[in-house]
Amino acid sequence: MKNQYADLVIVGSANVDHILNVDDFPVAGQTLTAKNYKVAFGGKGANQAVAAGRSGANVAFIGCVGNDEFGNNIKTQLQKDHVNVQALQNVAHQNTGVALIFVNQHADNCIGIHAGANAALSVDYVNQHKNLIQHAKILLLQLETPIESVITAATIAKHSGIKVILNPAPAQALAPEFLNLIDIITPNETEAEQLTGVKINNLDDVQNAAHILTNMELKRLSSPWALKVFG
């Protein structure tokens, strides 16, 4: 990429996913034989970057991978998907983040994550690349990296007039001061319940959760939130 800056900047996680397809999820003490096993690159941040790059966006990714074969391969794949990786760091003495994923016959999944190098995405590291954020048009975030770093990135963006989009996953409680930095938020059912207290069972519940979010006193009048709940 000739231009060191990008229209879309993503700050987030990059993992290597180990995926097992099983009939049903195991219970405590049970060993299951999987129908299929594969290794894939993932992480909510890297997935966003790949989707944007393949869609033709001018996108840069700020994150950390291990100083290992997985980390190098993730970098190579991101570049093939037209993602600027100048701010994707190989962290010495750290493994690339790992997700262990069971997928059952109904296509439901159960996931365990070890942050690995993702935990090294520190406030200082975000500040090292603040120029990349300040020259963007949109900052895209998720919550698989240290929350202090996510807040720092959002703060830099808002002070520079950059629109901030948050996928609030994995679901967790978020401080009002952080939510006030967000322009667009995209929770699924679990995340919407965490944010609003509304259990999502049907479309009426979705509309109720959307009403609560869009009427929170946290939002700025000049930049109302948008809500999209994914089924």
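The largest pocket in this predicted model has a volume of about 500 Å³, where a pocket is an open set of points on a 1 Å grid over the protein atoms alone, fitting a 1.4 Å probe and having protein on both sides within 12 Å along at least five of seven lines, and a volume is the space filled by probe spheres set on the points, joined across faces, edges and corners. Because this is a predicted model, local features need pLDDT of at least 70 and side-chain atom pairs count only at pLDDT 80 or more, while totals for chains, interfaces and linings use all residues. Residues are numbered from 1 along each chain as its sequence is written, and side-chain values use heavy atoms, with hydrogens and water left out.

Staying with the pocket, its lining consists of 20 residues, and those nearest its centre are Lys 44, Asn 109, Ile 111, Ile 113 and Glu 144; a lining residue has an atom within 4 Å of a point. At least two lining residues come from each of several elements, among them β2 (15–21), α1 (44–54) and β8 (109–114), with helices (H or I, at least four residues) and strands (E, at least two) taken as DSSP runs. By class, seven of the lining residues are nonpolar, eight are polar and five are charged.

In one of them, the side chains of Asp 23 and Lys 35 meet at 2.8 Å, N to O; both residues lie in the loop between β2 and β3, so the pair ties together parts 12 residues apart in sequence. Lys 35 is exposed at 64%, whereas Asp 23 is partly exposed at 35%.

Another salt bridge joins Lys 158 to Asp 183, with the closest N and O atoms 2.4 Å apart. Lys 158 sits in helix α5 (residues 147–159) and Asp 183 in the loop between α6 and β11, 25 residues apart. Here Asp 183 counts as buried at 3%, while Lys 158 is partly exposed at 22%.

Terms used:
Nonpolar A, V, L, I, M, F, W, Y, C, P; charged D, E, K, R; others polar. Salt bridge = Lys/Arg side-chain N within 4 Å of Asp/Glu carboxyl O. Buried < 20%, exposed > 50% of the residue type's maximum accessible area, 1.4 Å probe, protein only.
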